[in-house]
Amino acid sequence: IQQQGWLDGFTINYFFRAILSLLQRKKVDVASVDDVKDEIFDMVQAKETNKITLHDLVNCRQGGTVLSLLIDAAAFWRYDNRESLMLEPDDEDLSL
């Protein structure tokens, strides 16, 4: 967004707000933006605090998941409900 070469809290908030808005319109309970941001930083374990570079995304081996959480509401819903989905394999995904 700011052409800075990394993701930071502002960028994560920017993208996730759109996902949050869509899911709230569908009446889906979603964690707060700050909780999601913290989880993303925990997943990536970036070398620099509050900066996630492409190198960090590749090295953490969860870069695809992180990006999906920020751009795809259905992918976020599946990730957020992964534990219950494992218990109920016949349950269909939320139609977004």
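Is Lys27 buried or exposed? Lys27 is exposed, at a relative accessible area of 74% (exposed means over 50%, buried under 20%, partly exposed in between, with a 1.4 Å probe and protein chains only).

1. Basis. This is a predicted model, in which local features need pLDDT of at least 70 and side-chain atom pairs count only at pLDDT 80 or more, while totals for chains, interfaces and linings use all residues. Residues are numbered from 1 along each chain as its sequence is written, and side-chain values use heavy atoms, with hydrogens and water left out.

2. Loop residues with positive phi. Lys27 lies in the loop between helix H1 (9–25) and helix H2 (33–44); helices here are DSSP runs of H or I, at least four residues, numbered from the N terminus. The phi of Lys27 is near 65°, a positive value in a residue other than glycine. Asn50, in the loop between H2 and helix H3 (54–60), also has a positive phi, about 65°, and is not a glycine.

3. A buried asparagine. Asn13 is placed in helix H1. Its relative accessibility is 18%, so Asn13 counts as buried. Neighbours within four places in sequence aside, Asn13 is in contact with Val33 and Lys37 (contact means heavy atoms within 4.5 Å).

4. Packing of H4 and H5. Helix H4 (residues 63–71) and helix H5 (residues 73–80) pack at an angle of about 120°, their axes 6 Å apart. Axes are lines fitted to C-alpha atoms over the stretch in contact, and angles run from 0 to 180 degrees between N-to-C directions. H4 is therefore oblique to H5, given that angles under 35 degrees count as roughly parallel, over 145 as roughly antiparallel, 65 to 115 as roughly perpendicular and the rest as oblique. On the H4 side the contact is made by Thr65, Ser68, Leu69 and Ile71, and on the H5 side by Ala73, Ala75, Phe76 and Tyr79. By class, this contact has six nonpolar residues, two polar and no charged ones (Ala, Val, Leu, Ile, Met, Phe, Trp, Tyr, Cys and Pro are nonpolar; Asp, Glu, Lys and Arg charged; the others, Gly among them, polar).

5. Nonpolar core. The largest nonpolar core has 24 residues, of which Phe16, Ile40, Val44, Ile52 and Phe76 touch the most other members. Such a core is a set of buried Ala, Val, Leu, Ile, Met, Phe, Trp, Tyr and Cys residues joined through side-chain atoms within 4.5 Å. H1, H2, H3, H4 and H5 each supply at least two residues, and H2 gives the largest share, six.

6. Ile52. Residues up to four places away in sequence not counted, Ile52 touches Trp6, Leu7, Ile12, Ile40, Phe41, Val44, Ala46 and Leu57.
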